[in-house]
There are 2 protein chains.
Amino acid sequence: MVTLPTYADVEAAAARIAGVAHKTPVLTSRTADDALGASLFFKAENLQRMGAFKFRGGYNAVASLSPAQRKAGVVAYSSGNHAQAVALAAKLLGAPAVIVMPHDAPAAKVAATRGYGAEVVLYDRYTEDREAIGARLSAERGLALIPPYNHVDVIAGQGTAVKELIEEVGPLDYLFAPVGGGGLISGSALAARALSPDCRVIGVEPEAGNDAQRSLAEGRIVHIDTPKTIADGAQTQHIGDLTYAIMKRELAEIRTAADAELVEAMGFFATRMKIVVEPTGCLGLAAAKQIKDRLKGKRVGIVLSGGNVDMKRFSELLGA
Amino acid sequence: MVTLPTYADVEAAAARIAGVAHKTPVLTSRTADDALGASLFFKAENLQRMGAFKFRGGYNAVASLSPAQRKAGVVAYSSGNHAQAVALAAKLLGAPAVIVMPHDAPAAKVAATRGYGAEVVLYDRYTEDREAIGARLSAERGLALIPPYNHVDVIAGQGTAVKELIEEVGPLDYLFAPVGGGGLISGSALAARALSPDCRVIGVEPEAGNDAQRSLAEGRIVHIDTPKTIADGAQTQHIGDLTYAIMKRELAEIRTAADAELVEAMGFFATRMKIVVEPTGCLGLAAAKQIKDRLKGKRVGIVLSGGNVDMKRFSELLGA
């Protein structure tokens, strides 16, 4: 049996990140409300430090290490935002950091990670196994491995965003959050269950990589090839045993969104709400639009997970 | 003698717009703080309704009309954001609206104005006089003219943004805001003087259109040709007698910023702070960077006036 994090872990994480992570704003848009016939509350984690919710979990995990472990250093593998999160957390807490990143990660993310003082080790995400590389570096150099999602402290840290959201706006009828490895949706579900027990929590995956949806349907963790999608924050090959167990227990549903739907949402955020949201961060709104008939008159939370997208790529995607 | 608005008018405006305008978030960025060696507080009016601070003044002005005047309708002329502000305010308050806009205004702004139900009358800003067109429409159709800046209720409404800013973050050493016709900087100065008396208020104009700077230097309102600058919200030909008087009394300085500096700031906002800020909204940060030696260790407020920029134009400007 694995030990799952609880809402008490989310509360402990909130205390640990207080004054270090941003308490990000909750944004609203009358245009979006009118379009969906609902009251939408966007938790703007694109405005979080290093541009994504991942800072919450990364910082909570590094801050939970013993002084000796911190001094020895940490290693993390990530498609991008977790890398920056651990790199920044390590810098703030005085720990050396090695980050294993795919060679095709957005240049902005690689540059930002190096900018935080971390050593970056690149690998080929289509042929190499990042988990094996991370484990090897951990063993060889005595580094503490901070996994991107399947970790009690990481999940608990990610849950602090929805804790803040519900504490600020009150109970929700629905909550949408992206699903990559499941850290964000799991932490979000723990917070929602504690603070808004009747809230229906819906995870959203890219259509090209619906392994979590299939995992819940099949009752086992399904492994897939790295999906080809613009949602580079959700290109995971499988969820973890912790995130699987929480999703299975807590989620009302997992939906998927196609890349074209993400681009449409990204354009809406930029032109109407004046914010830069990366494709993965658009999964929630895209899914909410799919089921707007069910959302009529409801209070709906949507987690905008991040905003780390190259401006060149952003422009290309918006066809501008 | 003209009657100038006071901070009491700003307070009255704040009560009038409460629950209608967004209380926009104050954003911070460690990266920007590190770059300038100061504590920067960005008042994100790009996240205001219709994407700019102008909603505050427009709504306050239309809401201050008598019921009979509202029924007859309003007319406004504007390079863009004021047009949308009055159009939206009129819609919310049940007043017909006619908006006089330059034929080369950003397409997004014209479309948004029509989207709010207003009749749009286009004119050539290089050959025609929008004030004369506005006055004629007002006389012919019995419409109340809502000028873009030189109006007590408009100035008072614009001042509510800085009122919120200082109430949220506390006293400031410096405050930067864009100067077009001077409505925002005047209202901002009234709020700053009342809530943070020692704050040095700095207005910022596009280099190509420094009529306000020249006006204060020459002691009279200087008229210029429509300046060619990417800061389309600050392409005014002259300030007004109300805004001149307040600026003369309250401002520490007026600075200018070149288009290239605005593009650099726009890129910073998009890539690091994940927000879309229109060129005019970048004037404050551009000027702050110019005098960063004076800002060391200081608490600095910067008003991001709006985010209404076509995505095509945005991409072109960022060279992406």
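Biologist: What radius of gyration does chain A have, and what would a compact globule have?
Modeller: This is a predicted model. Chain A has 18 Å. A compact globule of 320 residues would be near 20 Å, so the two agree. The C-alpha trace spans about 55 × 45 × 40 Å along its principal axes.

Biologist: What's the secondary structure of chain A?
Modeller: Chain A has 15 helices and ten strands.

Biologist: And how much of chain A is buried?
Modeller: Buried residues are 64% of the 320. Chain A still exposes about 11100 Å², with 50% of that from carbon and sulfur atoms.

Biologist: Which residues have the most contacts inside the largest nonpolar core?
Modeller: That core has 83 residues. Those with the most contacts inside it include Phe42(A), Phe176(A), Phe314(A) and Phe269(B). In soluble globular proteins, nonpolar side chains tend to be buried together.

Biologist: Take Phe314(A). What is it in contact with, leaving aside neighbours within four places in sequence?
Modeller: In chain A, Phe314(A) is in contact with Met266(A), Ala270(A), Val276(A) and Val309(A). From chain B, Met311(B) and Phe314(B) are on the list.

Biologist: New topic. Where does Lys274(A) lie, and is it buried or exposed?
Modeller: Lys274(A) is in the loop between helix H12 (259-271) and helix H13 (283-290) of chain A. Lys274(A) is buried, at 5% relative accessible area. Its phi is near 65 degrees, positive in a residue other than glycine.

Biologist: What about phi of Met50(B)?
Modeller: Phi of Met50(B) is near 50 degrees, a positive value too. Met50(B) lies in the loop between strand E2 (39-44) and helix H3 (54-63) of chain B. Met50(B) counts as buried, at 9% relative accessibility.

Note on methods: Residues are numbered from 1 along each chain as its sequence is written. Chains are lettered from A and ligands numbered from 1 in the order in which they are written. This is a predicted model: local features need pLDDT of at least 70, side-chain atom pairs count only at pLDDT 80 or more; totals for chains, interfaces and linings use all residues. Side-chain values use heavy atoms; hydrogens and water are left out. Helices (H or I, at least four residues) and strands (E, at least two) are DSSP runs, numbered from the N terminus. The radius of gyration is taken over C-alpha atoms; the globule rule is 2.2 Å times the number of residues to the power 0.38. Buried means under 20% relative accessible area, exposed over 50%, partly exposed in between (1.4 Å probe, protein chains only). Accessible areas come from the Shrake-Rupley method with a 1.4 Å probe; for residues, only the protein chains shown count as cover. A nonpolar core is a set of buried Ala, Val, Leu, Ile, Met, Phe, Trp, Tyr and Cys residues joined through side-chain atoms within 4.5 Å. Contact means heavy atoms within 4.5 Å.
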